Amino acid sequence: MSETNWLQPGDTAQIDPRTLVQRTAVTDVVVAAGLLFDSGEFDALGTLYTEDAVFEMEPAPEGFPTTVTTREKITAGLADLWRLNRETVGVYSRHATSNLLITRLGADTAEVYSIFTVTGVYADGRFELRRLGNYVDLLRREGTAWRIAHRRLHMLAPPPLRPALDHSREPATR
């Protein structure tokens with residue numbers, strides 16, 4: 001690992017037990033966000049975000065703002081989107097988060113790139129691909145738990161692998 005905490009894929013120096021525990025916890029948060037959204041468990045979903053979290057979509061789906069700030073507004077906006085999909089469109093979403101790559105892991109922050117695929121299942125059995133894109137997540141440690149401090153969804157072109165987020169715009173990590 002370099003001074004910038006950039007993790008080199010395949011580097012065995014980053015595979016010590018403490019690092020593996022942190023990597024697993026970070027991965028669980030990223031994956032859980034999609035699963036909790038799909039099941040409509042927004043109180044639990046809210047616990048995955050920091051109070052001052054930022055959520056961005058490029059481009060945002062119709063009816064959803066490009067940028068949402070704070071845990072409360074993020075979970076309320078996602079709950080509204082979930083209800084719209086269920087009640088108006090009649091679709092049940094399934095998020096598949098894959099190809100997770102933890103690119104930075106520090107004492108209090110982590111950065112994760114991943115791919116998401118959202119399928120829709122309808123009551124009549126039809127299904128469709130609804131969305132495909134990339135997440136770039138900046139997580140921050142709060143006590144013993146990792147939380148999403150900044151989530152950026154890239155719906156069109158994949159983001160550059162590094163640097164994906166301008167960390168000078170991120171909230172303080174210490």
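User: In this predicted model, how does the lining of the largest pocket divide by class into nonpolar, polar and charged residues?

Analyst: The lining of the largest pocket comprises 16 nonpolar, four polar and four charged residues, and, since the model is predicted, totals for linings use all residues.

User: How is such a pocket found, and how much space lies in the largest pocket here?

Analyst: The general idea is that rolling a probe the size of a water molecule over the atoms shows where empty space is left. In this structure the largest pocket holds about 370 Å³ of space. Of the 24 residues that line the largest pocket, Phe37, Met57, Leu81, His95 and Arg131 are the closest to its centre.

User: Which elements give two or more residues to the lining of the largest pocket, and which gives the most?

Analyst: The elements that give two or more residues to this lining are H1, H3 and the strands E1 (49-58), E3 (91-105), E4 (109-122), E5 (127-142) and E6 (145-154). Helix H3 gives the most to the lining of the largest pocket, namely five residues.

User: At what angle do the axes of H1 and H3 cross, and which residues meet?

Analyst: The axes of helix H1 (residues 17-39) and helix H3 (residues 71-89) come within 9 Å and cross at roughly 50°, which means that H1 is oblique to H3. On the H1 side Phe37, Asp38 and Ser39 meet Leu78, Trp82 and Arg86 of H3, and the residues of this contact divide into three nonpolar, one polar and two charged.

User: How should I read a salt bridge, and how many salt bridges does the structure hold?

Analyst: In general, side chains of opposite charge can pair when their charged atoms come close. This structure holds ten salt bridges. Glutamate 51 forms a salt bridge with arginine 71, and the closest N and O atoms of the two are 3.1 Å apart. Because glutamate 51 lies in strand E1 and arginine 71 in helix H3, the pair ties together parts that are 20 residues apart in sequence.

User: Turning to the backbone, is the peptide bond from glutamate 58 to proline 59 cis or trans, and where does proline 59 lie?

Analyst: The peptide bond from glutamate 58 to proline 59 is cis, with omega near -10°, and proline 59 lies in the loop between E1 and strand E2 (67-69).

User: What phi does threonine 70 have, and where does threonine 70 lie?

Analyst: Threonine 70 has a positive phi of about 80°, although it is not a glycine, and threonine 70 lies in the loop between E2 and H3.

Technical notes: Residues numbered from 1 in each chain as written. Predicted model: local features only at pLDDT ≥ 70, side-chain atom pairs only at ≥ 80, totals over all residues. Heavy atoms only, no water. Axes fitted to C-alpha atoms, helices over the stretch in contact; angles between N-to-C directions. Helix = DSSP H or I, 4+ residues; strand = E, 2+ residues; numbered from the N terminus. Parallel < 35°, antiparallel > 145°, perpendicular 65-115°, else oblique. Contact = heavy atoms within 4.5 Å. Nonpolar A, V, L, I, M, F, W, Y, C, P; charged D, E, K, R; others polar. 1 Å grid on protein atoms, 1.4 Å probe; cavity = no way out; pocket = protein on both sides within 12 Å on 5 of 7 lines; lining within 4 Å. Points joined across faces, edges and corners; volume = space filled by probe spheres on them. Salt bridge = Lys/Arg side-chain N within 4 Å of Asp/Glu carboxyl O.
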